[in-house]
Amino acid sequence: MKDDTSKLLLLDQHNRQHTYLRLSITDVCNFHCGYCLPHGYKKASQDFLTIEEIKHLLKAFAVLGLQKIRITGGEPTVRKDFLSIVEMLQQFPDIRVRALSTNGFQLQKMAKNLFSAGLNAINISIDSLDPNKFFALTKQNRLSEVLAGINTAVDVGFKHVKVNAVLLKDTNDNELADFLVWLKAMPITVRFIELMQTGTNRDFFDKFHISSQFIREKLINEGWQKINKDSLAGPAEEYQHADYAGRVGIIAPYSNNFCNSCNRLRISAQGQLFLCLFGNLGYSIRDLLQSDTQTLELTNKICSLLQLKESSHKLATLDTGANQHFAAIGG
Ligand code: SAM
Ligand code: SF4
């Protein structure tokens, strides 16, 4: 379908326009988060998309009206050509939001170069501000380095810095007050994400999943106000307060209507298109990423696959689709 600017639009059967791509560039990660890769990364094939293949992919998505890309993984910063990939994103100026998800272990040393390379949004995972809990959750004693990396990112000029904390029962569900102290003067957004079940974390999920409703209630009782979302925001809710430089977000995938505002597609590190984080299969489009001459065929393929996107995930029935862990699809 064409819009006013003659761009193709990624519209699905449920009238949702897809403007946001989450691109995984590696499954590898050096952290061992209990809900994601509790035993670390197990080496499978490492035949990840090359920078040339990524360029062909982005050319097609730019034609399809993409406005936001997030580089994710695994841990994307472990790739040797990571900075070159970020620099390459600038060749597609219509993709105006160029974001990264990272565990932050290299942020302190990389933030300045990433900013110069045109990255304009960063999400960093920190599930706890308590160093002991951080270690227990990730098996990495790096909280202070990650916090220093966030300070550096803000100092070098990043305006969109978000911290993702997966909400975990009896673990970090008493830390809202600590995060709020941090947000008094820190111009970042801390987002509490409800733990999601995957194909490999069923026991962890049963033990630690908790609804985010109590966070929402506490924020509202303390005078936080819900912000109207911009068109690229997706399903997160965000709150602000006049006394705080930072904001708080909530991502509640188990709530009703969560999927109504879905605007995202995912590409795995091996070139499979996932229509949903919890979809039943990935569709390989790698054979169409081999040359600049394949753009038309690729855009047609993406548009036709998009028509298979279902209206909602089926997490409520414990159906996690093909998602074994988020490191494989990029979260
Ligand atoms: N390694 C990077 C990081 O940790 O930010 C990027 C990849 S990670 C898979 C992306 C996000 O997914 C992180 O914020 C992580 O906390 C979140 N995540 C991973 N598994 C999850 C799960 N089972 N439920 C909710 N969030 C999850
Ligand atoms: Fe690694 Fe991110 Fe998964 Fe943690 S959530 S194990 S940092 S990919």
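**Positive phi angles, ring pairs and overall fold**

Asp170 counts as exposed because its relative accessibility is 69% (exposed means over 50% relative accessible area, buried under 20%, partly exposed in between, with a 1.4 Å probe and protein chains only). The model is predicted, so local features need pLDDT of at least 70 and side-chain atom pairs count only at pLDDT 80 or more, while totals for chains, interfaces and linings use all residues. Residues are numbered from 1 along each chain as its sequence is written, chains are lettered from A and ligands numbered from 1 in the order in which they are written, and side-chain values use heavy atoms, with hydrogens and water left out.

Asp170 is in the loop between β5 (161-167) and α6, and although this residue is not a glycine, its phi is positive, about 55°. Lys139 is another non-glycine residue with a positive phi, about 60°. Its place is the loop between α4 (131-138) and α5 (143-156). Lys139 counts as partly exposed because its relative accessibility is 46%.

The protein as a whole contains ten helices and twelve strands (DSSP runs numbered from the N terminus: H or I of at least four residues for helices, E of at least two for strands). For 331 residues a compact globule would have a radius of gyration near 20 Å, and the 19 Å of the protein agrees with this (the radius is taken over C-alpha atoms, and the globule rule is 2.2 Å times the number of residues to the power 0.38). The C-alpha trace spans about 55 × 40 × 40 Å along its principal axes. Buried residues make up 57% of the 331. Of the contacts with a separation of 6 or more, 72% are between residues 24 or more positions apart (contact means heavy atoms within 4.5 Å).

The accessible surface of the protein is about 14,700 Å², and carbon and sulfur atoms hold 50% of that area (Shrake-Rupley method with a 1.4 Å probe). There are 37 positive and 33 negative side chains, and the centres of the two sets are 2 Å apart (Lys and Arg count as positive, Asp and Glu as negative, without His and the chain ends; the charge is placed at NZ of Lys, CZ of Arg, CG of Asp or CD of Glu).

Eight aromatic pairs are found in a search of the whole structure (rings of Phe, Tyr and Trp, the latter by its six-membered ring, with centres within 6.5 Å; stacked if the planes are under 30 degrees apart, edge-to-face if over 60, tilted for the rest). One of them is Tyr35 with Phe204, which is edge-to-face because the planes stand at 70°, with the ring centres 6.1 Å apart. This pair joins distant parts of the chain, 169 residues apart: Tyr35 lies in the loop between β1 (20-24) and α1 (51-63), and Phe204 in helix α7 (residues 202-208). Both Tyr35 and Phe204 are buried. Another edge-to-face pair is Phe179 with Phe192, at 5.5 Å centre to centre and 90° between the planes. Here Phe179 belongs to helix α6 (residues 176-183) and Phe192 to strand β6 (residues 189-194), 13 residues apart. Phe179 and Phe192 are also buried.

Thr295 is in helix α9 (residues 295-306) and counts as buried because its relative accessibility is 15%. Beyond its neighbours within four places in sequence, Thr295 is in contact with Lys59, Ala60 and Val63. Between the C-alpha atoms of Thr295 and Pro38 there are 39 Å, and along the chain 257 residues.
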